[in-house]
Amino acid sequence: MIRVLSTKKLTEAQRALLPETDFYLEDYDALEVTYLEANLHSDDEALFIFTSTHAIEACFPEGRLPDRMLNCCCVGRKTAARLEKMGHRILAVEDRAELLAERIINKYSSRSFIYFCSSRRLDTLPDRLLEAGVRLEERVVYQTGFNQRILDKQFDAILFFSPSGVESFLGSNQLHDATAICIGPTTAQ
């Protein structure tokens, strides 16, 4: 039997993908997210950057529909699809922050941007945009904290969904011989 740990609570549909006869699955939320009040106001025709579904949740709590359509740039297809479903226009979507930064610099560098982010985030996107002279305002719309749990079991595979999730897990545990399965190259790094 393969022992799998997920550092994010899985849905029933996700759990069903691992047959109980072949897999032992344990899951927990390695991160604690607290949403803050989000300000969507913009004095100019700013474009909006979302790099996570948590930022969307903070800006549009409980599925609240927006009062106007936003022009958005996103990291991740899931993030973009969620905004599009809400009626927003997606101008650019990339799988990694550095790729989105390059696309913005090449196509939209004369525009201003509002980046909705966490209190704990990588500097890749804002650093690259500011270095290129792109006007950027960051708005922290959620706080990410660690839910560190000491696990006394050994696992064959551990699922990670973000760099912060890796950091939270490794703050109290070790990988030992487990294979890390990561949602993207930044998390794997």
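**Helix packing and a pocket**

Author: In this predicted model, helix 4 and helix 5 cross in a right-handed sense. The residues in contact are Ala97, Glu98, Leu100, Ala101, Glu102, Ile104 and Ile105 on helix 4, and Thr124, Leu125, Arg128 and Leu129 on helix 5. Seven of these contact residues are nonpolar, one is polar and three are charged.

Reader: At what angle do helix 4 and helix 5 pack, and how far apart are their axes?

Author: An angle under 35 degrees counts as roughly parallel. Helix 4 (residues 97-108) and helix 5 (residues 124-131) pack at about 25°, with their axes 8 Å apart; the two helices are therefore roughly parallel to each other.

Reader: Which residues lie nearest the centre of the largest pocket?

Author: Those are Thr51, Ser52, Phe161, Ser162 and Pro163, among the 47 residues that line the largest pocket. The lining comprises 17 nonpolar, 19 polar and eleven charged residues, and the space within the largest pocket is about 1500 Å³.

Conventions: Residues numbered from 1 in each chain as written. Predicted model: local features only at pLDDT ≥ 70, side-chain atom pairs only at ≥ 80, totals over all residues. Heavy atoms only, no water. Axes fitted to C-alpha atoms, helices over the stretch in contact; angles between N-to-C directions. Helix = DSSP H or I, 4+ residues; strand = E, 2+ residues; numbered from the N terminus. Parallel < 35°, antiparallel > 145°, perpendicular 65-115°, else oblique. Left-handed = near helix turned anticlockwise from the far one by under 90°. Contact = heavy atoms within 4.5 Å. Nonpolar A, V, L, I, M, F, W, Y, C, P; charged D, E, K, R; others polar. 1 Å grid on protein atoms, 1.4 Å probe; cavity = no way out; pocket = protein on both sides within 12 Å on 5 of 7 lines; lining within 4 Å. Points joined across faces, edges and corners; volume = space filled by probe spheres on them.
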